[in-house]
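Please look through the sequence and the model below before reading on.

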Amino acid sequence: MGQYHGNAAAVRDLVRETKVHRDVYVDQEIFDLEMEHLFANTWIYVGHDSQVPSPGDYFGTSIGKQPVLLVRHTDGEVYVLYNRCPHKGTRITIDTCGNAGKFFRCPYHAWSFKTDGSLLAIPLRKGYEHTGLEESEAYKGIPRVRHVKNYRGFVFAKMSDVGPDFDDYFGESLSSIDNMVDRSPAGRLEVAGAPLRHTFNCNWKMLVENLTDTCHPMVAHESSAGTAVEVWKKMFPGANKKPPAVEIFAPFMSSYEAFEKMGIRVWRNGHGHTGVHHSIHSDYSSVPGYFEKMVAAYGEARAKAILDESRHNTSYFPNFTIKGPIQAIRLFKPIAPNRTLAESWTFRLVEAPEQLLERTITYSRLINAPTSVVAHDDLEMYERAQEGLLVDANPWVNIQRLYDPAEMEQETAVVNGTSEWQMRNQFRAWSKFMTMSL
Amino acid sequence: MTAPTDQELIGFVLHEARLIDQHRFEEWLDLFADDGFYWMPLEWGQTDPRLATSLMYEDKLLLRIRVERLKSNRTFSQKPKSRCHHVLQVPQIDKRDEAANEYVTWTPMHYVETRLDEQDLYAAWATHTLTTVDGTLKIKLKRVDLVNCDAALRSIQLFL
């Protein structure tokens, strides 16, 4: 047991008003405490209900480091089960998704369970007569994550009884999910295909912070986005209309001034988003027929209001981020202090023209794939930071940009788009949810 | 030009891999037809590059962007530069359609990419759809199916 276990004061001390201690990124004990407390006390995105449309459908993922299953039960409800047999601990399923039929059957000793986790049958049951099995953990079936909320198709779960309820936890930040879903004329999203999966040798929080870091694109991505614009101009001199790929790359090279004007909004509990007034997704060309469908579904004023909202990245604390205007989400799964799996999922807007799905897919491929040049730029910076943080001479990471002491009293705000308030907001939430059960 | 011989098709595929391994990317780009594509699917047996996500689906503009980026002084993920190495089986001719001017080869391969102290090994099948343009063989489509296409991958910065 090290210096942080059971020591809330020491954990709190890692997060100062304008800086954080490197142990939040590199320390194994802090990482273990994150898994035990932070990922238990907060609402974690599990999956989308379109991944389990029919009774018996399941989707395997993880919360923190713990394997879980998103399941559609026979009553139509979606449950989140811990993916272990209550008998010997065997993972019930290994494949990512499938259909269990009417029940799960453990492949080791054939104990079977209803799709809500409850115990259905045990072979050779008489061997347990008079043994008190009814009093055991095993008898209770596959343990279920107690707190689950399906919000417009997005399923979140909270493992511990500590921490706020769903509405209190997310509050107004749900408006970003609303906007993404409202962009479907039917008000529904569907997961489109498999996720891109990219492994980073860095702490998971670096990826989260980067998504509201608006002072890096024109620097770190000059090599990719900058080159894209140059090559396009050279290959197609005088062309006005950018091809879709260049339309996606080019805004990464927006000026500091442009990013300042885009604005950042912060919410309670570590949530926030970039692109309040305008964003790098604002100027994509329109898709024929889409607006008409939106007007038919919502009326003109409401359709315009939905489409004019062009939020860039919304960060849902702790590790879930969404891009409403292009219907893509990213989930940063912690594996070790210095190892993270980034999953990028794309969505289809139900009843919208397929060109919107094509744009989403093009975006994810160009920006978030393990083969993406933009991802290569970012990964290089995170991994260099993970190594640089081993320097003892300065153990602090600075998050001071546009800091104002008055913000300590303020929960919600809209500020200059290059502010690091959202990073500070995340770390204040980190401190709160890490220590509330410590 | 008369139709390419099997040996010419095989030689083309081997030469293509050599150009990548030797970082002769300008010559490599010239192997693609103007409307050629490089495709690396994300899903096993994927059939649609447009409405299903891929690892790469790149026309000549995007490939040219990659090649230019590799040269740039501010491409920090290529300081130092990655190196790569192909080991190919002898390409097999899957299709010869002289009337349509289309030839398809299938080539199992191992590919190593390395940078600093990290070295990654990938196994894949390359499917080349070739055609002749003004008497020269060109790539209409190079499809690379990674054996572990859907795994959690590290960065792949060069070309399989």
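**A helix crossing and a cavity**

Helix 8 of chain A and helix 3 of chain B make a right-handed crossing, the near helix being turned clockwise from the far one by less than a right angle. This is a predicted model, in which local features need pLDDT of at least 70 and side-chain atom pairs count only at pLDDT 80 or more, while totals for chains, interfaces and linings use all residues; side-chain values use heavy atoms, without hydrogens and water. Residues are numbered from 1 along each chain as its sequence is written, and chains are lettered from A in the order in which they are written.

The axes of helix 8 (residues 222–235) of chain A and helix 3 (residues 60–71) of chain B come within 9 Å and cross at roughly 125 degrees, where axes are lines fitted to C-alpha atoms over the stretch in contact and angles run from 0 to 180 degrees between N-to-C directions. Helices here are DSSP runs (H or I, at least four residues), numbered from the N terminus.

Elsewhere, about 240 Å³ of space lies in the largest cavity, a cavity being a set of points on a 1 Å grid over the protein atoms alone where a 1.4 Å probe fits but cannot get out, with lining residues having an atom within 4 Å of a point; the volume is the space filled by probe spheres set on the points, which are joined across faces, edges and corners. Of its 22 lining residues, the closest to the centre are A:Asn210, A:Leu211, A:Phe252, A:Asn313 and A:Asp378. Helix 14 of chain A gives the largest share of this lining, four residues.

Notes
On a 1 Å grid over the protein atoms alone, a cavity is a set of points where a 1.4 Å probe fits but cannot get out, and a pocket is an open set with protein on both sides within 12 Å along at least five of seven lines; lining residues have an atom within 4 Å of a point. Helices (H or I, at least four residues) and strands (E, at least two) are DSSP runs, numbered from the N terminus.
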